[in-house]
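Here is a short briefing on one protein chain.

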Amino acid sequence: MTDAEALDRPSLGFDERLSLVAGMLQRFSWTKEQPSPDSMRILLGGNLSIDDAAALWKRISETVADELDGVRNLELDLTAVVKIDGACMALLTQFRSDLRVQGIGCEFSGGSGEVGRIVELYGGR
C-alpha cells in the first residue's frame, strides 16, 4: 500500500492520519515529570506553530496510550513556551478535554503575555 492509499482509507481516523505524516523532527521541548504516583506534569517549551502540530499530536497520543495508568491529575506547564499558535493550542485543549472525559483532571499552568492570552481564548486554565 502506498502512502497515498493509506491516507485515503475511509477507516483511518484523524489522529491516525496525523501519525502517518508526523515527522520525527520536534522543534519544541516536551518533558514529563511524575511528582507522585497519581499526578503528572508535562513541561512544554519553545515555539509551537502549525508546523509542529503533527509532532505535538504524536506526543499527545503516545502519552494517552502508554503513560497515564494511575494518573488522576495532569498539569500542562506552559511556562517555557515562547509562542503558541491556535492550531497547537487547539490540540492541547482537545488533549485536556479527552483527559477530563477519562476522569483525569487536567489544567494549564504558566504562560505569560501572548501565551497567556491564547490560553484564555481557548477556555482558560
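The chain exposes about 6900 Å², and carbon and sulfur atoms supply 53% of that area. Accessible areas come from the Shrake-Rupley method with a 1.4 Å probe; for residues, only the protein chains shown count as cover. This is a predicted model: local features need pLDDT of at least 70, side-chain atom pairs count only at pLDDT 80 or more, and totals for chains, interfaces and linings use all residues. Residues are numbered from 1 along each chain as its sequence is written, and side-chain values use heavy atoms, without hydrogens and water.

**Whole chain**
- The chain has 5 helices and 4 strands. Both are DSSP runs numbered from the N terminus: helices are H or I with at least four residues, strands are E with at least two.
- From the N terminus on, the order is α-α-β-β-α-β-α-β-α.
- Of the 125 residues, 38% count as buried (under 20% relative accessible area, 1.4 Å probe, protein chains only).

**Helix H4**
- H4 covers residues 86-101, and its end C-alpha atoms are 22 Å apart.
- Buried residues in H4 include Cys-88, Leu-92, Phe-95 and Leu-99.
- Their cover includes strand E2 (39-48), helix H3 (53-66) and strand E3 (73-84).

**Ends of H4**
- At the start, a side-chain oxygen of Asp-85 reaches to within 3.2 Å of the backbone nitrogen of Ala-87.
- Just after H4, Gly-103 takes a positive phi of about 85 degrees.

Key:
The expected span of a helix is 1.5 Å times one less than its number of residues. Buried means under 20% relative accessible area, exposed over 50%, partly exposed in between (1.4 Å probe, protein chains only). Contact means heavy atoms within 4.5 Å. A polar contact is a pair of N or O atoms within 3.5 Å; within protein, one must be able to donate a hydrogen and the other to accept it, and residues adjacent in sequence count only if both atoms are side-chain atoms.
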